[in-house]
Amino acid sequence: MLLRSNDYIFYPLMAALAACAIGIPLVITGADRIGVTTDIRENGITISGDRLQHLAAGEGVSTQLLRDQDNRLFARISADIERGNPNLTASAGVFDALRPYELDAIAGFDLRVIYVLRPSGEAPAETVDLGFFEDGLGQSYWTPHALEDGTGEYALTVDAPYCNPTFGWAGVWPAAEAGANSVDLYEIRIEIIANADCTDRPD
């Protein structure tokens, strides 16, 4: 799998951001580990509710945790600069970093990643770029999606290049049009769909 030149900046920078800036607890108790791999492989990973407060934001985007009229938590994600701007350091936008036990569970599998979101009530974006990033999947793996009114599901398929990923990031980057640059993210679901045609990551 060939990497684009900006991916060599993207990977270490985002790894550092995920490790240092997110502040998520990565120490899992023994009780939490019991049956977790089987559960993830059968039911997937759901990123929603309180976990949305641990989203990290790269340069050019921001996130704010809010509640809707039904008291449901969501992340309002806004873009100040268009993704791909040459003056920006490449990043995963606003993203969730999978925990080590989640990476272990999805290793060796192709995935479906489903985002539940809507154009925000303030400055609603018309389009959004979505991406899931592992070793070997860099900036060229963003996919654009036109947004419909209301809350909807937007999905992408991930063909894992390596069987032993060291990171997994689910990212969101709204269009940065003036007055139309925000989306409200309620949930990200990551589902296993098939065994991957993958190889071991080179040292």
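Mentor: One definition first: a residue is buried when its relative accessible area is under 20%, exposed when that area is over 50%, and partly exposed in between. Keep in mind that this is a predicted model.

Trainee: Are Phe167 and Trp169 buried or exposed?

Mentor: The limit for a buried residue is under 20% relative accessible area. For Trp169 the relative accessibility is 2%, which puts Trp169 in that class. Phe167 falls in the class as well, so the answer for both residues is buried.

Trainee: How many aromatic pairs does the structure hold, and which class does the pair of Phe95 and Trp169 belong to?

Mentor: The search of the whole structure gives 5 aromatic pairs. One of them joins Phe95 and Trp169, with ring centres 5.7 Å apart and planes at 55°. Planes under 30 degrees apart would be stacked and planes over 60 edge-to-face, so an angle between those limits leaves one class. The pair is therefore tilted.

Trainee: Which strands does that pair tie together, and how far apart in sequence are the parts?

Mentor: Phe95 is buried, at 0% relative accessibility. Phe95 belongs to strand β5 (residues 94-97) and Trp169 to strand β10. The pair therefore ties together β5 and β10, in parts whose separation in sequence is 74 residues.

Trainee: Which class does the pair of Phe167 and Trp169 belong to?

Mentor: Here the ring centres lie 4.1 Å apart, and the angle between the planes is 25°. Phe95, Phe167 and Trp169 make up one aromatic cluster. Since planes under 30 degrees apart count as stacked, the pair of Phe167 and Trp169 is stacked.

Trainee: Where is Gly168, and which residue lies 4.8 Å from it, C-alpha to C-alpha?

Mentor: Gly168 sits in the loop between β9 and β10. Gly168 is buried, with a relative accessibility of 2%. Apart from neighbours within four places in sequence, Gly168 is in contact with Asp96, Ala97, Leu98, Leu103, Phe132 and Phe133. The residue 34 places away in sequence and 4.8 Å away in space, C-alpha to C-alpha, is Glu134.

Trainee: In what order do the strands of the open sheet run, and which strands stand at the edges?

Mentor: The open sheet has 5 strands with antiparallel pairing, in the order β2-β5-β10-β7-β8. Each edge strand has a single partner, so one side of each is left without a neighbour in the sheet. The edge strands are β2 (56-57) and β8 (143-146).

Trainee: Over how many bridges do β2 and β5 pair, and which residue is the bridge partner of Ala57?

Mentor: Strands of a sheet pair through backbone hydrogen bonds, either parallel or antiparallel. β2 and β5 pair in the antiparallel sense, over 2 bridges. In β5, the bridge partner of Ala57 is Val94.

Trainee: Which cysteines form the disulfide, and what is its handedness?

Mentor: The count is 1 disulfide, formed by Cys163 and Cys198 with their sulfur atoms 2.0 Å apart. Cys163 lies in the loop between β9 (152-158) and β10 (169-174) and Cys198 in the segment after β11 (182-195), so parts 35 residues apart in sequence are tied together. Cys163 is partly exposed at 23% relative accessible area, while Cys198 is buried at 16%. The torsion about the S-S bond is about 105°, so the disulfide of Cys163 and Cys198 is right-handed.

Trainee: Which ring does the charged end of Arg118 sit over?

Mentor: Arg118 is in strand β6 (residues 109-119) and counts as buried, at 18% relative accessibility. Its side chain makes a polar contact of 3.3 Å with the side chain of Tyr186. Residues that Arg118 touches include Asp68, Phe74 and Asp184. The charged end of Arg118 is 5.3 Å from the centre of the ring it sits over, that of Phe74.

Trainee: Where is Ala123, and what is its phi?

Mentor: Ala123 lies in the loop between β6 and β7 (127-133). At 25% relative accessibility, Ala123 is partly exposed. Ala123 is not a glycine, yet its phi is positive, at about 50°.

Note on methods
Residues numbered from 1 in each chain as written. Predicted model: local features only at pLDDT ≥ 70, side-chain atom pairs only at ≥ 80, totals over all residues. Heavy atoms only, no water. Helix = DSSP H or I, 4+ residues; strand = E, 2+ residues; numbered from the N terminus. Buried < 20%, exposed > 50% of the residue type's maximum accessible area, 1.4 Å probe, protein only. Polar contact = N/O pair within 3.5 Å; in protein donor to acceptor, adjacent residues only side chain to side chain. Contact = heavy atoms within 4.5 Å. Disulfide = S-S within 2.5 Å. Phe/Tyr/Trp six-rings, centres within 6.5 Å; stacked < 30°, edge-to-face > 60°. Lys NZ or Arg CZ within 6 Å of the ring centre and 35° of its normal. Pairing = 2+ DSSP bridges.
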